[in-house]
Amino acid sequence: MKTNDKGFNTKLIHAGAFDDEFGSATVPIYQTSTFRFKSAQHGADCFSGKSDGYIYTRIANPTIRAFEQNIAELENGYDGIATSSGMAAITTVHMALLGAGSHIISSDAIYGPARGVLEQDFSRFNVEATFVNTSKIENIIQAIKPNTKVLYIETPANPTMEITDIAACSKIAKEHNLILVVDNTFCSPYLQKPLDLGADVVLHSITKFINGHADIVGGVIVTKEVELYKKIRHSMVYMGCNMDPTQAFMVLRGVKTLALRIERAQENAIKVAEFLESHPEVEWIKYPGLKSHPQYELAKKQMNGFGSMMSFGLKGGYEAGKKLMDHVHLALLAVSLGGVETLIQHPASMTHAAVSKEHKLAAGITDDLIRFSVGIEDVEDIIEDLNNGLLSIYNK
Ligand code: LCS
């Protein structure tokens, strides 16, 4: 169903859904790898584009198309391209937009593998990448070269919570003929619509807020214009980064409650952030909804709410961080984020334990940093759990 003229909550429920011959209330799982043509001519017409019939699930599938159209309407874009994971969304976009001899400017503090794939993999194909702190616009301008093709930003950044001004980036991108790509995973379209702020491409790990239930991995890309869409869709199909129909069904179910989940989680998050900010053992906290966040005003301007992700540092540093991990019980000690359950992780002793100090600092990860994804449990329970964990640090 086309819901372009409807409100966001209506889009969440109905965008992309279609009627079938049985009157199904939800989009069914079309768990099929291939589709039967009615005749040789029909097959020829499907391949030539004269008919929009389905051919093969790697190319397109009704359940997956329903999700792609749903997310495209949520992001106010032309159309969506669903992928097997968030990383597949990122590599698909890079494969479509970069080539030997080209250059990309990226935020320095981004999800680790999103940086790694440029440094370790695309570099082998002579794609050059420069990583800068994009929260300072002058850094981007200084990094532009004649062969720069793409400006890639993640905002708020994982896990530093630094915020980049999307509208300002769009202005620079237009002046220098760059394609602006925004990883909108930390916000979802409920909190931030990069295409409305001038971005050309928006992508997500739908593993996080969009699906919201920590039960599938997936990704999606939405473009503003048709030509970029065709280019990126080609890369997805040829590299085989497609989503599976069951993944699409799961995320179509998850996305329906996106607004409710985010509203509840961010209501909890501000209370958790205020608790942490006033806690004597907490050295610093970065949450966009606190006035102490250096980019609070920018967050207020470009986001429609402050979300439920935060990072904080403990006075006791690395050892205190490690101890806290073993003394929280409600918060799940796990990577990932954006689900209904509260998650906690200490990158220095966990995900980045084997990473060099230099690389950790490049990613904005200090030894004391704790990343916290606030869920939709009762906030009193989340705070009590954190409080008990913090107390335990000093009880030998
Ligand atoms: N973009 C961001 C901002 C992410 O946080 C992640 C995953 C990805 C892209 C990649 O998505 P995936 O392929 O996992 O669906 N972030 C994770 C994290 O912080 N912990 O575990 C995964």
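Biologist: How many bridges join strand β11 (residues 343-345) to β12?
Modeller: This is a predicted model: local features need pLDDT of at least 70, side-chain atom pairs count only at pLDDT 80 or more, and totals for chains, interfaces and linings use all residues. Residues are numbered from 1 along each chain as its sequence is written, and side-chain values use heavy atoms, with hydrogens and water left out. Strands here are DSSP runs of E, at least two residues long, numbered from the N terminus, as are helices (H or I, at least four residues). β11 and β12 run antiparallel, and the bridges joining them number three.

Biologist: Which residue of β12 is the bridge partner of L343?
Modeller: Two strands pair if DSSP finds at least two bridges between them. Strands of a sheet pair through backbone hydrogen bonds, either parallel or antiparallel. For L343, the partner in β12 is S373.

Biologist: Why is β12 said to be largely enclosed by the rest of the structure?
Modeller: Buried means under 20% relative accessible area, exposed over 50%, and partly exposed in between (1.4 Å probe, protein chains only). L369, R371 and S373 point one way from β12, while I370 and F372 point the other way. β12 is called largely enclosed because its buried residues number five of five.

Biologist: Over how many bridges do β9 and strand β12 (residues 369-373) pair?
Modeller: The pairing is antiparallel. The bridges between β9 and β12 number five.

Biologist: Which residue of β9 stands opposite V282?
Modeller: Strand β8 (residues 282-286) joins β9 through four bridges, and the two run antiparallel. V282 stands opposite L314.

Biologist: Which are the edge strands of the sheet?
Modeller: Five strands form an open sheet with mixed pairing, in the order β8-β9-β12-β11-β10. An edge strand here pairs on one side only. That applies to β8 and β10.

Biologist: Is V328 buried or exposed?
Modeller: V328 is found in the loop between α13 (317-326) and β10 (332-333). Its relative accessibility is 7%. V328 therefore counts as buried.

Biologist: What percentage of the ligand's exposed area does the protein bury?
Modeller: A polar contact is a pair of N or O atoms within 3.5 Å. A polar side-chain atom of R371 lies 2.6 Å from an oxygen atom of the ligand, and a polar backbone atom of M87 is 2.9 Å from a ligand oxygen. Taken alone, the ligand exposes 480 Å² by the Shrake-Rupley method with a 1.4 Å probe. The protein buries 90%.

Methods:
Polar contact = N/O pair within 3.5 Å; in protein donor to acceptor, adjacent residues only side chain to side chain.
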